[in-house]
Amino acid sequence: MLGRAVAAAGLGGVLGAHRLADLPDHGALAWLSGVLWLSGLLGLVVWRVGRIGRLRPRLRGLVACLLGAWAGFSFTALSAQARLGQTLAEGNVDRVSRVTLRVDSLPRLRPDRLDFEAVVLGSRPAGVPPRIRVRWSASGWRGPYASARPPADPLPVVRPGQVWRMALVLRPVRTAQNFHAFDGEAHAFAAGIRAQGTVRGRPEWLRDEDWASLSVVTGRARHAVREAMAPHVRALRYGPVLRALAIGDQNGVDAADWDIFNRTGITHLVSISGSHITLLAGAGALAVSTLWRRLRWRGRCLAERWPARRAGAVAALLVAWLYCLLAGWGVPAQRTFMMLAVVAGAQALQLRLSGARVLALAAVTVVLMDPWSVLAGGFWLSFLAVAVLLAVGARAAQAPWPKRQRDRWLRGLKLAVRLQWAVTWALAPPLAWSFHEVSLVSPLANAYAIPVIELLVTPLSLLLAAVALVPGLTSLAAGIAWLAHGILAGMMRPTEWLAALPAWPVPAGPAWLYVLALAGVAVALWPGGRAGPADVAGRTRDGHEAARRWGDWLGCRRAWAWLALAPMLLWPPVRPAEGEWDLHALDVGQGSALLVRTARHALLFDAGARHARDADEGARTVVPAFKALGVRRLDALVVSHADLDHAGGVRSVLAAVPVAQSFSSFDLTSWLRNEARKLATDVTLRPLAASPCRFGDRWRMDGVEFEFLWPLDVRARRRGVEANANSCVLRVRGAHHSLLLTGDIETRAESALVERGLTPADVVVAAHHGSRTSSSTGFVNAVAAHHVIFQAGAWNRYRHPDTTVLERWRAAGSTLWRTDLQGGIEARSRAAGLSLSGALASSRRHWHGRRAD
């Protein structure tokens, strides 16, 4: 028990280091380490000479846990400091560098570009981090609606181990930062990626280094398998899923398919998970141990020379290691391999280890190998799932196994249902924390998906990968691909129907909700309970009665423990009161998306940019923000103008939530119809009602007044740059403060607004992302804003916001807020006052760095 407590304390120390915004330097770590060791020695002296009696074990445990926590903290802090030192030199930021690099990962392929991770071998000028991410796009950008076809000048075949000389525009890793959203910078930092580069010109291939490292060797093997499988899965609807099950390459899996997998709770099955690895390792162990008992050498059975059980354990470990490498060595794969290694080592040394000890040793080993593994949600989900399986299995093992075959089958079925039910609700709190919803159909979907994928689709995918590598077996490989795809497609039909059913929404709430839910699940699933006959054998009658009473109490406690999930599931989203409003200026890069909420209604002003046919900020940022904030419908959608950095995400928004009314400065219905034609889809999406932004139109919601101030004449629809002048301008007036949303209007429109008597506003979203063609002196003085929000992307090609505009607002006494520096901005109008905050202010970690104004 002490060892597991120390492991938990060490894990807590690792988490504590990752929670810091600034890491302590080496001197502070050394000073704190000295203080801790002196405290430990003092405790040892007190332990030895003091009269503490039965407190000695507790004191020993406390000191051991403190030392374990400090060891985890120091190890993580020192590792993070070393990685933070691998930063891109300031002089190289957003400039071209000549870099010699080696491809170190399996490239992610798209028709018109590829992305890969690389090890830097040299650079001019110096100051490039040792590991970077590279994006290589085909020449001639064809626009966000370009069809998925190879360009006229195709990209060369890029494989792990190749050495290239490239001209790269390098930038530090910078991703969108929003409240309650995924942190892409943490993911890149954990992978050691400290810069990202875009290829310029034509790179030069230098040589191949096929055996440079283990990652290169496994990357070459994965690339060979992908190329061999490509002809057989390219034309199949779920071909990318078969490839993902074989080598862990999820490139090409459709975004709509991921939505289905997530909503039905079977995401863990369509990637290489611990269950796949365990199944394959178990098959390898069974095959080797069976042969080991039958093979003979020099007249003696091999099992007499070395036990078949140990031979099977070694085989299982070898098979698992090879499969994990082929899968890319992700966190679930690491966890599974380490657990198998611990079990195999215990068998070799003839040690008896409980499931909890195996789990603790695996966790410690994974964290020692990679202290950033705890930043991945898969770390917690995988270990939590295994812990639940061990707990439920321990409770099931307390009852004797029935003798009749029918009863054994029935009990096995009940145990499978119980395991699935327990895992579903045990994973509900962390999944609700991440995705803000709980899948109600997950147990049903997993009930048939687990046996189909585990026992049929995955083995067939692996067989396809093996057969495809052998020359002359093309017909056999095609037949295996057809069979595997047919089984998977048949499984997906009911899965798609289940995914269409609504999930249980869980808006973002305080952390104690999820901690309470996890604690309730832990109590409900904790091994033990009503004592069986074996537990009370040899006891006295009083002891038997005490055990019975304890079992009754524990059973009652378990029943009530499930109620701890209720606060999380029923938590209402926090909303303003009557006459108050909230503004959420989302970080959508170089674009605009603003959500205004009142007591019972919600309005979205613009929906972010479209980047490609299958990528837009509506799906990537806006819809997840709706889930986190508990927005299930929009009462109004305002699309200021038709530029794609404002209107590009409208289609995804309309597909996600019902929209009662839309306003725009152009014909939104025709625009959506034209976009559907460009996307080659027959899905028609439109709001229930559509109206133009008309000057003077106003309405009230929950004591808050909304009024359009611009454009004056919606019939004057001009194309090109002048279309910005027709952007909708919306004024929001609450009981206590006012807000002005300006779209992309420019100086002429601003002057017209001032001439018509523009009144001051407490909060203003700067027009045109802070362009020098907007925010004129007269407008800035007339609006007299206390706070100004700039929505712009880092290092955008327009250089928004302009420094002259920033100084103009500062000179007027305004406080400036920027999404490219502070992440998403939230403004709250309350009777007690107006408050603004940025996402990075509350969640900044050491990998984010300090972002200068």
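This is a predicted model: local features need pLDDT of at least 70, side-chain atom pairs count only at pLDDT 80 or more; totals for chains, interfaces and linings use all residues.
The largest nonpolar core comprises 34 residues, and V241, F261 and L488 have the most contacts inside it. Two or more residues are contributed to this core by each of helix 5 (214-233), helix 6 (239-247), helix 7 (255-264), helix 15 (442-468) and helix 16 (474-499). Helix 16 supplies the largest share, nine residues. When residues up to four places away in sequence are left out of account, V241 touches V253, F261, V270 and L488. Two of these partners, F261 and L488, are themselves named with V241 as having the most contacts inside the core. In soluble globular proteins, nonpolar side chains tend to be buried together.

A bend of about 45 degrees is found in helix 15 at I453.

The second largest pocket has a volume of about 940 Å³. Its lining consists of 34 residues, and E90, V93, P172, R174 and W795 are those that lie nearest the pocket centre. Helix 4 (184-190), helix 27 (803-811) and helix 28 (819-822) are the elements that give two or more residues to this lining. The largest share, three residues, comes from helix 4.

Most residues other than glycine have a negative phi, and most peptide bonds are trans. The peptide bond from W710 to P711 is cis, with omega near 5 degrees, and P711 is placed in the loop between strand 20 (704-710) and strand 21 (729-733). A cis peptide bond also joins H800 to P801, with omega about -10 degrees; P801 belongs to the loop between strand 24 (787-790) and helix 27.

The loop between strand 24 and helix 27 also holds R799, a non-glycine residue with a positive phi of about 60 degrees. R799 has a relative accessibility of 52% and therefore counts as exposed, the cut-off being over 50%. A positive phi is likewise found at H768, a residue other than glycine, with a value near 55 degrees. H768 lies in the loop between strand 23 (763-765) and helix 26 (777-783). The relative accessible area of H768 is 13%, under the 20% limit, so this residue is buried.

Methods. Residues are numbered from 1 along each chain as its sequence is written. Side-chain values use heavy atoms; hydrogens and water are left out. A nonpolar core is a set of buried Ala, Val, Leu, Ile, Met, Phe, Trp, Tyr and Cys residues joined through side-chain atoms within 4.5 Å. Buried means under 20% relative accessible area, exposed over 50%, partly exposed in between (1.4 Å probe, protein chains only). Helices (H or I, at least four residues) and strands (E, at least two) are DSSP runs, numbered from the N terminus. Contact means heavy atoms within 4.5 Å. The bend at a residue is the angle between axes fitted to the seven residues ending there and the seven starting there. On a 1 Å grid over the protein atoms alone, a cavity is a set of points where a 1.4 Å probe fits but cannot get out, and a pocket is an open set with protein on both sides within 12 Å along at least five of seven lines; lining residues have an atom within 4 Å of a point. Grid points are joined across faces, edges and corners, and a volume is the space filled by probe spheres set on the points.
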